[in-house]
Amino acid sequence: MAVASASKARFLTFREAYELLVKPSEGPVSKRLNRHVSIRITLFLIRHSIAPSPTGMSIISFLTGLASGALFALGWPLVGGLLAQMASILDGCDGEIARLTGRVSKRGGIIDAMLDRVADAAIIAGLSLYALCLGQPPSWLRPYWPAWLLPWPYFVLLLLVLSLSGSFSVSYFSAISRALASYQPKRFIGTRDVRLFTIMLAGLTCFFLPWASTIYMALLSLMTWAEVANCLGQVVKLRE
């Protein structure tokens, strides 16, 4: 339910806005971390009459995601990881502004979803480039790596494909379930907020241990495809 106007939204407390905006289906990171920051940002912007349009905020989140991917690719994992998490937080602000000011639109929702997918691709690609260039196996592991079976660059490329396809598939299953069956699958672990939080942890870890980037790529692959399997399992149980 949206607040009628920005003038009314100015007088909302954080708790009132939180109860109004947070959905039961949201991921754990969004509920426990992101919303506690994004709602405060949104209320600040509305109270000072400087809030951009919902689509404008979507673009800001999108550009933050692109910057995250670029910084990973350039060898700056710490800043890249922090920007990935910031993109996740700002991604909540567009919907909050729309609902609190009565500017919800289907067009805005479609634009936001498209920009999110491109930002996800940029961030994952940036992390993959970092893993390829700087995330070589540590010296103690190299003698045991089966290079004859799968050379290291091909292994990183495989993880890139799995991470990207898994990330897109999770979003696709959610969208197609709502469109065809009016059904929202219950998420398990691969929600966008969890994925971007994992990438933030990757940035923090890779600042000290660059080779850990590949471990996080493998973790993203497992998380996303586990979520796909979870969604498929729920769809199979549908009676329609």
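A: The model is a predicted one, and within it Gly 166 lies in helix H7, which covers residues 152-181. With a relative accessibility of 0%, Gly 166 counts as buried, because that class takes in residues under 20%. Once the neighbours within four places in sequence are left aside, Gly 166 is in contact with Thr 224, Trp 225 and Val 228.

Turning to the fold, helix H7 belongs to a protein that has 9 helices and 0 strands, and reading along the sequence gives the pattern α-α-α-α-α-α-α-α-α. Among the contacts in the protein with a separation of 6 or more, 76% are accounted for by residues 24 or more positions apart. Of the 240 residues, 45% count as buried, and Gly 166 is one of the buried residues.

As for overall dimensions, the C-alpha atoms fill a box of roughly 65 × 45 × 25 Å along the principal axes, while the radius of gyration is 19 Å, which agrees with the value near 18 Å that a compact globule of 240 residues would have. The accessible surface comes to about 12600 Å², and 71% of that surface belongs to carbon and sulfur atoms. Finally, the protein carries 22 positive and 12 negative charges, whose mean positions are 1 Å apart.

Conventions: Residues numbered from 1 in each chain as written. Predicted model: local features only at pLDDT ≥ 70, side-chain atom pairs only at ≥ 80, totals over all residues. Heavy atoms only, no water. Helix = DSSP H or I, 4+ residues; strand = E, 2+ residues; numbered from the N terminus. Rg over C-alpha atoms; globule rule 2.2 N^0.38 Å. Buried < 20%, exposed > 50% of the residue type's maximum accessible area, 1.4 Å probe, protein only. Contact = heavy atoms within 4.5 Å. Areas by Shrake-Rupley, 256 points an atom, 1.4 Å probe, with all protein chains shown as cover. Lys, Arg positive; Asp, Glu negative; His and termini not counted. Charge placed at Lys NZ, Arg CZ, Asp CG, Glu CD.
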